[in-house]
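Take a walk through this protein model.

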Amino acid sequence: MKMKRIAALSLTAAMLAGTLTACGSKTEETTAAPAGDTTTAAAAETTTAAEPKAAGDGSVYYLNFKPEQADQWVALGEAYTAETGVPVTVVTAASGTYEQTLKSEMAKSEAPTLFQVNGPVGLASWKDYCYDLKDSAVYKDLSSDDFALIDESGAVKGIAYVIETYGLIYNKKLLNDYIAMDGAVISSIDEINNFDTLKAVADDIQAKKDDLGIEGAFASAGFDSSSDWRFKTHLANLPLYYEYKADGISSTDAVKGTYLDNYKAIFDLYITDATCEPTLLSGKTGEDAASEFALGEAVFYQNGTWAYNDIKDNEVADEDLGMMPIYIGAEGEEKQGLCTGSENYWCVNSKASEADIQATLDFLQWVVESETGRASLAKEMGFVTPFTTFTEEYLPANPLVAAADADVKKGNTAVSWNFTTMPSEEWKNVLGSALLEYAQGTGMGCSEDRIRGQLGC
């Protein structure tokens, strides 16, 4: 029996991940817009997936959060329609626009029947639209309530469908090339298990970048919207995690900023030992950073298991891909693991018709139980899922997932995803704006004060 508890998400480290969160830069094509609507999600293209069934029959409209899997969701919806005759519409929101797109689509007469929230904070805005999934097949297939959003009454409001891991992706070949140089500060990659060592290595690599034939130790820390989430959200999770750990809490309304100096130290490293000058960061995109790493121009690249699709088939061989924890100088970080969790929770629209709700529940069951659905999520989308139906043969062929699994086997303690408790998207945007000002030197003193103020200091 699964333990019933309200999930602010203390996630187990053994469930590791495949592809992203709000991490795509593409604006992808979708299936047909809902009947009667002339527009779809912001900047999304549309194509028709299936002919409508007779009035009164149920249908599915999924507002997808992940641009990088838009094509696969369209294909999966088409396969379900071909098998069952039930129309499935998939609309994919442009990167960084999901919340505003959801608000717009929910106001329409044919609203999404299946949508997503990013955790407890996201759920707070949409809880009245979330059907109770406690009697659904997809919930019964869930391996643990750690992967469910359960309210005080016991209602299951959301179910995570992918577990993901992020850290510092690194190029083993380049790092070993550095180690082979005279004067290298380490003799083995395994020696990098704390911030001081990471900084010493990165500083030395930056000084020797011409000899190594690279542009910088770290790929660019871009602040285009396709990239800035890596720092205002994922990087900011580290000081938040250690603050929560020290205070024995899992969320708070008032972040104290206990580890702000640690946050500043790792961010400083990112922007000084990098492929570009800090003054250029406002125009640098997620694609730029991925390209720099994939082409062997940088040794380190902060991202997650989902980034494999952007890296593969370039200059970095699969066997040269590794991932290590993001170290910030916290006490005991030598046993710190990678950041593992989810901000991808399916919710079924309780305001939809009974027929559409049932059609959506049936579709979800098919996705996590059928051969077609499981193969699509695991092999095509690259997801590691929290469902018991995904046995070992349904693991993605992703060396970053293997690296995440190896990190667990070392006995390291996974870092939970506490950024899902951040107050709002606007809160993160203000933090990101202050970080960019700081990096560019356009408001050194005041921007640092803004960062401190945003983090409650």
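This is a predicted model: local features need pLDDT of at least 70, side-chain atom pairs count only at pLDDT 80 or more; totals for chains, interfaces and linings use all residues.

Residues are numbered from 1 along each chain as its sequence is written, and side-chain values use heavy atoms, with hydrogens and water left out.

The protein has 457 residues, and 59% of them are buried. Buried means under 20% relative accessible area, exposed means over 50%, and partly exposed lies in between. The secondary structure comes to 17 helices and 14 strands. These are DSSP runs: helices are H or I with at least four residues, strands are E with at least two, and numbering starts at the N terminus. A contact means heavy atoms within 4.5 Å. Among contacts between residues at least 6 apart in sequence, 76% join residues at least 24 apart.

Now look at helix α6, residues 195-207. Its 13 residues reach 18 Å from first C-alpha to last, close to the 18 Å expected at 1.5 Å a residue. The expected span is 1.5 Å times one less than the number of residues. At the start of α6, a side-chain oxygen of Asn 194 comes to within 3.2 Å of the backbone nitrogen of Asp 196. The buried residues of α6 include Phe 195, Leu 198, Val 201 and Ile 205. Among the elements that the buried residues of α6 pack against are β8 (164-171), α10 (260-272) and β10 (298-304).

Next, the rings. The structure holds 27 aromatic pairs. Rings of Phe, Tyr and Trp (its six-membered ring) pair if their centres lie within 6.5 Å; planes under 30 degrees apart count as stacked, over 60 as edge-to-face and the rest as tilted. Tyr 80 and Phe 363 have ring centres 5.1 Å apart and planes at 70 degrees, so this pair is edge-to-face. Tyr 80 sits in helix α1 (residues 70-84) and Phe 363 in helix α13 (residues 354-369), 283 residues apart. Tyr 80 is buried at 5% relative accessible area, and Phe 363 is buried at 1%.

Note on methods: Buried means under 20% relative accessible area, exposed over 50%, partly exposed in between (1.4 Å probe, protein chains only). A polar contact is a pair of N or O atoms within 3.5 Å; within protein, one must be able to donate a hydrogen and the other to accept it, and residues adjacent in sequence count only if both atoms are side-chain atoms.
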